Amino acid sequence: MASQILFLGLIMITCSIAFASDSSPLQDFCVADFNGPVLVNGFACKDPKLVQANDFFFSGLHLMGNTSNSMGSKGTLVTVAQLPGLNTLGISMARIDLAPWGVNPPHTHPRATEILTILEGTIQVGFITSNPENRLITKVLQKGDVFVFPQGLVHFQRNVGSSNAIGIAGLSSQNPGVNTVGNAVFGAKPDIPDDLLAKAFQVDVNIIDQIQSKF
């Protein structure tokens with residue numbers, strides 16, 4: 001009998017781990033308290049009696065982002081960091097501005113699926129499936145088109161038109177995170193050893209050093 005109870009207990013523990021996920025809100029809202037002393041997965045709740053309308057408000061997505069940079073792109077984020085009322089709600093968004101032939105370089109969102117709607121312009125999008133296939137799935141989108149990027153997969157956007165392009169992205173996390181591939185691999189602090197990267201990419205160490213110098 002004792003062994004059966006132990007077996008059932010192990011099954012229950014295994015199932016609870018396998019199905020663990022972010023829990024649903026247990027109150028109407030939990031506005032992020034950025035100055036709270038309690039460390040939790042996310043942010044502690046602000047006293048509901050002190051909550052104001054501005055805690056649920058953000059202004060600025062009508063403004064074009066500055067694309068005068070080497071990528072020709074700018075993302076304007078609206079996550080819990082900019083809109084504290086998003087805390088515990090599992091959602092955020094971003095505006096993506098792309099100059100002609102500008103790119104939002106290959107990156108991942110480790111905690112979110114992304115759904116992108118094109119507001120203006122012509123944007124090539126794509127994502128790469130995981131090992132071992134590493135299949136590129138890509139499409140050129142026009143105004144009004146919608147495309148989804150599965151959580152955690154490397155993906156990109158590129159303006160293939162002759163005018164500025166704008167997209168609005170919805171993300172399934174209050175804090176989706178962004179991990180840009182080039183920055184992560186070649187701009188890590190401290191540096192990933194260049195001989196390791198040379199072997200991984202099958203190139204000369206001098207090429208790795210040259211790329212790392214740009215990050």
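A polar contact, as I use the term, is a pair of N or O atoms within 3.5 Å; within protein, one must be able to donate a hydrogen and the other to accept it, and residues adjacent in sequence count only if both atoms are side-chain atoms. By that definition, the side chain of H107 reaches the backbone oxygen of P105 at 2.7 Å.

Before I continue, a word on the source. This is a predicted model, in which local features need pLDDT of at least 70 and side-chain atom pairs count only at pLDDT 80 or more, while totals for chains, interfaces and linings use all residues. Residues are numbered from 1 along each chain as its sequence is written, and side-chain values use heavy atoms, with hydrogens and water left out.

Let me stay with the annotated site. UniProt, in an unreviewed entry, places the feature "binding site" at H107, H109, E114 and H155. These four positions span 49 residues in sequence, yet no two of their C-alpha atoms are more than 11.8 Å apart, so they gather at one spot.

H107 is in strand β3, residues 103–108. Strands here are DSSP runs of E of at least two residues, helices are runs of H or I of at least four, and both are numbered from the N terminus. H107 is buried, with a relative accessible area of 3%. Buried means under 20% relative accessible area, exposed means over 50%, and partly exposed lies in between, with a 1.4 Å probe and protein chains only. Leaving aside neighbours within four places in sequence, H107 is in contact with a set of residues that includes E114, H155, Q157 and N179; contact means heavy atoms within 4.5 Å.

H109 lies in the loop between β3 and β4. At 7% relative accessibility, H109 also counts as buried. Beyond four places in sequence, the contacts of H109 include E114, Q151, H155 and L171. The side chains of H109 and E114 are joined by a polar contact of 3.0 Å.

How do the strands around this site pair? E114 has L171 as its bridge partner in β9. Strand β4, residues 114–120, pairs with β9 in the antiparallel sense over six bridges, where pairing requires that DSSP find at least two bridges between two strands. Strand β2, residues 92–98, likewise pairs with β9 in the antiparallel sense, over seven bridges; there, the partner of I96 is G167. Is strand β9 largely enclosed or open? Six of the seven residues of β9, residues 165–171, are buried, so the strand is largely enclosed by the rest of the structure.

I turn now to the open sheet. Five strands form it, in the order β6-β5-β8-β3-β10, with antiparallel pairing. At the edges stand β6 (136–141) and β10 (179–180), each with a single partner strand, so one side of each is left without a neighbour in the sheet. Within this sheet, β5 (residues 123–128) and β8 (residues 155–159) pair over five antiparallel bridges. The bridge partner of F127 in β8 is H155, a residue that UniProt includes in the "binding site" feature.

Next, the loops. K46 lies in the loop between α1 (2–18) and β1 (73–78). K46 is partly exposed, with a relative accessible area of 25%. The C-alpha atoms of K46 and A32 are separated by 5.8 Å, although the two residues are 14 apart along the chain.

Finally, some points of backbone geometry. Where are the cis peptide bonds? One runs from N131 to P132, with omega near 5 degrees, and P132 is in the loop between β5 and β6. Another joins K189 and P190, with omega about -5 degrees; P190 lies in the loop between α2 (181–186) and α3 (194–201).

Positive phi values are found at two residues other than glycine. T88, in the loop between β1 and β2, has a phi of about 75 degrees and is partly exposed at 29% relative accessible area. Q202, in the loop between α3 and α4 (205–212), has a phi near 60 degrees and counts as exposed at 66%.

Conventions: UniProt positions renumbered as here; feature names shortened; annotations may be inferred.
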